[in-house]
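Please look through the sequence and the model shown here before reading on. The report is meant to be read beside them, with the chains open in a viewer.

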Number of protein chains: 2
Amino acid sequence: MTGLTFGSAIDVSGSLEKSPSGKQNVELHAKQIQVTGKCDPTEFPFKIKERHSLEYIRQFPHLRCRTNVFSALLRVRSEATSAIQSFFKDNGFIQIHTPVITSNDCEGAGELFQVEPASRDKQQDERDPHYFSVPTYLTVSGQLHLEVMAGAFPAVYTFGPTFRAENSQSRRHLAEFYMVEAEISFTESLEDVMTVMEHLFKASTEHVLTHCAEDVELFHKFVAPGHRGQVDLMLSRKFNVISYTEAIDILNRSSQIFTFPTKWGCDLQTEHEKYLVKHCGNIPVFVTDYPYDLKPFYARDNQDHPRHTAAAVDLLVPGVGELCGGSLREERLEILRSRIIQAGMEDAYEWYLQLRQFGSVPHGGFGMGFERYLQCILGVDNIKDVIPFARFSHSCLL
Amino acid sequence: MTGLTFGSAIDVSGSLEKSPSGKQNVELHAKQIQVTGKCDPTEFPFKIKERHSLEYIRQFPHLRCRTNVFSALLRVRSEATSAIQSFFKDNGFIQIHTPVITSNDCEGAGELFQVEPASRDKQQDERDPHYFSVPTYLTVSGQLHLEVMAGAFPAVYTFGPTFRAENSQSRRHLAEFYMVEAEISFTESLEDVMTVMEHLFKASTEHVLTHCAEDVELFHKFVAPGHRGQVDLMLSRKFNVISYTEAIDILNRSSQIFTFPTKWGCDLQTEHEKYLVKHCGNIPVFVTDYPYDLKPFYARDNQDHPRHTAAAVDLLVPGVGELCGGSLREERLEILRSRIIQAGMEDAYEWYLQLRQFGSVPHGGFGMGFERYLQCILGVDNIKDVIPFARFSHSCLL
């Protein structure tokens, strides 16, 4: 038929019939085929029966959704989104839309994006140079806003975009990425937080494996052959739990030579995370109770010594390393106040202290990187291949 | 009990018993009460048994979720989010996370927020002054990115934050607000798009009324007395459909004196929208086929004359005015190309033209303002009272 080329859009009338071939269940017996939108195969960047690499199709962000592999990814991503939301809803969590634009700059200004109107004439309004009257940034985390809600609800979560203006070109970082964050009230135990993390991971993954079986299989067959075994292993075992102190011992006992120091008090690097996961038989592992000085001001003080730790936890998974980070939050007003004063932030965080001044509740929570989650279950090496439109240093196509 | 004041956090053990009172179903018979977090009632901004106004509690964005009315709002918002997602999932739509940061600036640079790293030293890198190598903005709509997906899936939607750097302080505008946007492939009829809009509105509202009955009742009793009748009316009737030309005739036949002109070719203003909804008996009304010159470049040309129109539609609802806007999209390459060239945008929209060059499909879609939707079903006058953290000109608290 004229015009019926690879990449064209067609309108077909006919009947679905049981297929005699073993390769598919049904086939379409066409009575009428009409070409709705033509496609010149010499100009179309994808070729019939050719398997293009993920790197190649990444150059065409407006067309790559038409490839088998990327349309499968987008269906999995949609289903995983839905699975995560169902998990929280079924467990009584309220969904909160935490803001994208914020006047908080808690996590170090170097990595923040600033926001101002494109056409604002600064000369015009010298006394009030900012649209919002204060400098504003794209959020790096919805946690503090979720903590507000922990004063009103037993459990809350948010699932939305977060931002880092990092210059890294790594396979695990984007300037715009999605985070799932949850906060649980009336808990004094890190185990409660870890239980939610593990259940979230397992319930969502089982849902995706069931409801997107064919799409997941495409990844486990062509993109990351053999990865299904790894996924099944993670689902079938209870996640490991070790303390940071034990993790340092394990690293120091190992025969592997690391680039970064493995002294108590140093942060774990990717090479350490990978070793620890392997040490745990490629089962995800929670690392708990990090050195107090490594963790942000809101992490709860364990008040131990001489090795002073905070009630914080990271979840490390095969291939990806750090997938989730969480902690109990410091709910004791005086301890929190003195730490905030020490950091010179008492003006900016007066509102945060008030959450503890008025009816403070012990609470804790965590965040999970959604793209890293997809990398982990599908076996995708580069984070740019699990998001519809990737934004990173020097690249913002469309 | 000492310390048990209004606003404190408490831990209660006891049993839930059937209540002898008609006012509630159950009551908690406490055996033990422990004050977890004290609250000094002289400093706490909310007072026991006082009904504070929405304006008053708005001053305390970190505490207002603890009031009855705002915690009810947040539960309704969470349930409505879930209802909208279920509606799309049940109808076969794939959820797409359209990007927040974009290099498109199609809707007029005056209203855009620009994004750059907070700490970027411009002197340092004169040849490449932008983090993304190009100027980047916060999205005003995910539509063009959804249209990309319409080339791969029968139906897609997105539900996320969108941004306008407007200086308006209206009761219907925010700088950061949520939009539900959908795109349907292989349709050549505006009716298909309107059907999805009407079903979405009705299915979501019915879900919320059923699953958040008590919370909705609080609004319909104390915030907008009598509003339930209005909601039931909207649900029970088929939405009206009139053309823009008919709308202009209705306005010109009316005895009401309008501030803005009602000549064919002029845009409808809020006063006109309100009149039209009232004229239609307070049932939502679709206004279709707007003057071609009023609509953006992507709206499909109806190729009629002498009154030249585009296949665009707005949904007007009581109280709020414009709730949704949609259109068929111009899928014909040559017509779209000449319009884009006319607007001098051919370089920026080469990728958009390629969607038509390679297997173009007739498609259409719409966007619905989520906060306006909540205002409409709850009867809330000010948009700042239906979002967890409101961002508008001169205000970005927390």
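What follows is a report on the sheets, the helices packed on them, and some side-chain pairs.

## Overall picture of chain A

The coordinates are those of a predicted model, and every value below should be read with that in mind. Chain A contains 11 helices and 13 strands, and its C-alpha trace extends over about 80 × 65 × 45 Å along the principal axes. Of the 398 residues in chain A, 56% are buried. Among the contacts in chain A with a separation of 6 or more, 68% are made by residues 24 or more positions apart.

The domain assignment divides chain A into domain 1, covering 9-44, and domain 2, made up of 64-115 + 131-385. Between the C-alpha centres of these two domains of chain A the distance is 44 Å.

## The sheet of chain A

In chain A an open sheet is built from eight strands, with mixed pairing and the order β3-β7-β8-β13-β12-β11-β10-β9. Its edges are formed by β3 (94-95) and β9 (240-243) of chain A, each of which pairs on one side only.

Just after α11(A), Gly379(A) adopts a positive phi of about 80°.

Strand β7 of chain A (residues 155-163) also holds Pro161(A). The relative accessible area of Pro161(A) is 9%, so Pro161(A) counts as buried. Leaving aside residues up to four places away in sequence, Pro161(A) touches Val100(A), Thr139(A), Phe177(A) and Tyr178(A), together with Val100(B) and Pro161(B). The C-alpha atom of Pro161(A) is separated by 9.4 Å from that of Leu138(A), 23 residues apart along the chain.

## The sheet of chain B

Chain B has an open sheet of eight strands in the order β3-β7-β8-β13-β12-β11-β10-β9, with mixed pairing. Because β3 (94-95) and β9 (240-243) of chain B each have a single partner strand, they stand at the edges, and one side of each is left without a neighbour in the sheet. Within the sheet, strand β12 of chain B (residues 321-329) and strand β13 of chain B (residues 363-369) run antiparallel and are joined by six bridges; Gly325(B) has Gly367(B) as its bridge partner in β13(B).

Helix α8 of chain B (residues 270-279) packs on the sheet and touches β9, β10 (285-291), β11 (309-317) and β12 of chain B, with its direction at about 70° to that of β11(B). Helix α11 of chain B (residues 370-378) lies across β7 (155-163), β8 (176-185), β11, β12 and β13 of chain B, and runs at about 60° to β13(B).

## Aromatic rings and charges

Over all chains the count comes to 54 aromatic pairs. Two of the pairs are set out in the table.

| Ring pair | Centre distance | Plane angle | Geometry |
|---|---|---|---|
| Phe258(A) and Tyr275(A) | 5.6 Å | 85° | edge-to-face |
| Trp351(B) and Tyr352(B) | 5.6 Å | 75° | edge-to-face |

Phe258(A) lies in the loop between α7 (244-253) and α8 (270-279) of chain A, while Tyr275(A) belongs to helix α8 of chain A, so the pair ties together parts that are 17 residues apart in sequence. Both Phe258(A) and Tyr275(A) are buried. In the chain B pair, Trp351(B) is buried with a relative accessible area of 10%, and Tyr352(B) is buried with a value of 0%.

One aromatic cluster is formed by Phe159(A), Tyr178(A), Phe201(A), Phe239(A), Phe286(A), Phe370(A) and Tyr373(A). Charged ends also sit over rings: that of Lys295(A) lies over the ring of Tyr290(A), 4.3 Å from its centre, and that of Lys384(B) lies over the ring of Phe392(B), 4.5 Å from its centre.

Note on methods: Residues are numbered from 1 along each chain as its sequence is written. Chains are lettered from A and ligands numbered from 1 in the order in which they are written. Side-chain values use heavy atoms; hydrogens and water are left out. Two strands pair if DSSP finds at least two bridges between them. Helices (H or I, at least four residues) and strands (E, at least two) are DSSP runs, numbered from the N terminus. Contact means heavy atoms within 4.5 Å. Axes are lines fitted to C-alpha atoms, for helices over the stretch in contact, and angles run from 0 to 180 degrees between N-to-C directions. Rings of Phe, Tyr and Trp (its six-membered ring) pair if their centres lie within 6.5 Å; planes under 30 degrees apart count as stacked, over 60 as edge-to-face and the rest as tilted. Buried means under 20% relative accessible area, exposed over 50%, partly exposed in between (1.4 Å probe, protein chains only). A charge sits over a ring if NZ of Lys or CZ of Arg is within 6 Å of the ring centre and within 35 degrees of the ring normal. Domain bounds come from an automatic or database domain assignment.
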